[in-house]
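This report describes one protein model in plain terms. Please look at the sequence and the structure before reading on.

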Amino acid sequence: MRTLTLMRHAKSDWTASVPGDAAVADKARPLSRRGKRDAPMMAAWMTARDLDPELIICSTAVRTRQTLGLLQKTVDPERQIIQLRDDLYLADADDLVEIIRSVSRKVRHVMVLGHDPGLHDTALLLIGAGEAQLRHALTLKFPTAGVAVIDFDLDRWSNLSPGTGTLRHFMAPKRLPQD
């Protein structure tokens, strides 16, 4: 059994201006106040469900690295390997699936922390089963700080194929239960 957690970066600050070309400016966009609030809430939700990936593959964009930093405050840093990858920025579903297929068979739970639309398309490509209501919610939108947890009956990541995953969880900050 393998578990894949896909997480979209928390809400970024569109008002933050960075001099330079548009692509550089977008990659350098930091988290907004809301993003800085939402990421720890999602980290607490993940911790309460024992969602503790062994490997986190994270885009090098500023907003993804800041999201990762807020998540790491709630997990055991001794247990996790972090890979920062520039190729996650603007990666499409085919790229993301290839990245996941390259994960060592020793890793049972991997998390990809990246961007839309690539993450959304990847989730939709890989999921073949799961609770209908969760699957429907995921088809509509993969919001910022959203988390999709997908289980696969695989002995190695290299055997990952479309439609073979079971959506176990799909959560976003606005869907969190209110205390």
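What percentage of the 179 residues in the protein chain do buried residues make up? Buried residues make up 47% of them, where buried means under 20% relative accessible area, exposed means over 50%, and partly exposed lies in between (1.4 Å probe, protein chains only). The model is predicted, and local features need pLDDT of at least 70, side-chain atom pairs count only at pLDDT 80 or more, while totals for chains, interfaces and linings use all residues. Residues are numbered from 1 along each chain as its sequence is written, and side-chain values use heavy atoms, with hydrogens and water left out.

## The chain as a whole

The protein chain has six helices and seven strands. Helices (H or I, at least four residues) and strands (E, at least two) are DSSP runs, numbered from the N terminus. Read from the N terminus on, their order is β-α-α-β-α-β-α-β-α-β-α-β-β.

Along the principal axes, the C-alpha atoms fill a box of roughly 45 × 40 × 35 Å. The radius of gyration of the protein chain is 15 Å, which agrees with the value near 16 Å that a compact globule of 179 residues would have. This radius is taken over C-alpha atoms, and the globule rule is 2.2 Å times the number of residues to the power 0.38.

Contact means heavy atoms within 4.5 Å. Among contacts between residues at least 6 apart in sequence, 78% join residues at least 24 apart.

The accessible surface of the protein chain comes to about 8900 Å², and 52% of this surface belongs to carbon and sulfur atoms. Accessible areas come from the Shrake-Rupley method with a 1.4 Å probe; for residues, only the protein chains shown count as cover.

Helix α3 covers residues 62–71, and its buried residues are R63, T64, T67, L68, L70 and L71. Seen down the axis of α3, these buried residues fall within an arc of 160°, so they line one face of the helix. The arc is that of the directions from the helix axis to the C-beta atoms.

An α-helix has 3.6 residues a turn, so residues three or four places apart point the same way.

In helix α6 (residues 132–140), L134, A137 and L138 are buried. They cover an arc of only 100° around the axis, which puts them on the same side of α6. The face turned away from this buried side carries the exposed residues A132, Q133 and L140. The cover over the buried residues of α6 includes α5 (118–126), β5 (127–130) and β7.

R63 and K11 are 52 residues apart in sequence, and their C-alpha atoms are 8.0 Å apart in space.

H109 is in strand β4 (residues 109–114). Leaving aside neighbours within four places in sequence, H109 is in contact with T3, T5, L51, D52, P53, E54 and L55.

L160 lies in the loop between β6 (147–152) and β7 (165–171). With residues up to four places away in sequence not counted, L160 touches V97, I100, R101, L126, F152 and L154. L160 and I57 are 103 residues apart along the chain, and 17 Å separates their C-alpha atoms.

| Residue | Relative accessible area | State |
|---|---|---|
| R63 | 4% | buried |
| H109 | 9% | buried |
| L160 | 2% | buried |
| L90 | 65% | exposed |
| A145 | 0% | buried |

## Backbone details in loops

L90 is not a glycine, but has a positive phi of about 65°. The residue L90 sits in the loop between β3 (81–85) and α4 (93–101). A145, also not a glycine, has a positive phi of about 65°, and its place is in the loop between α6 and β6.

Where is P117 found? P117 lies in the loop between β4 and α5. A cis peptide bond joins D116 and P117, with omega about 10°.
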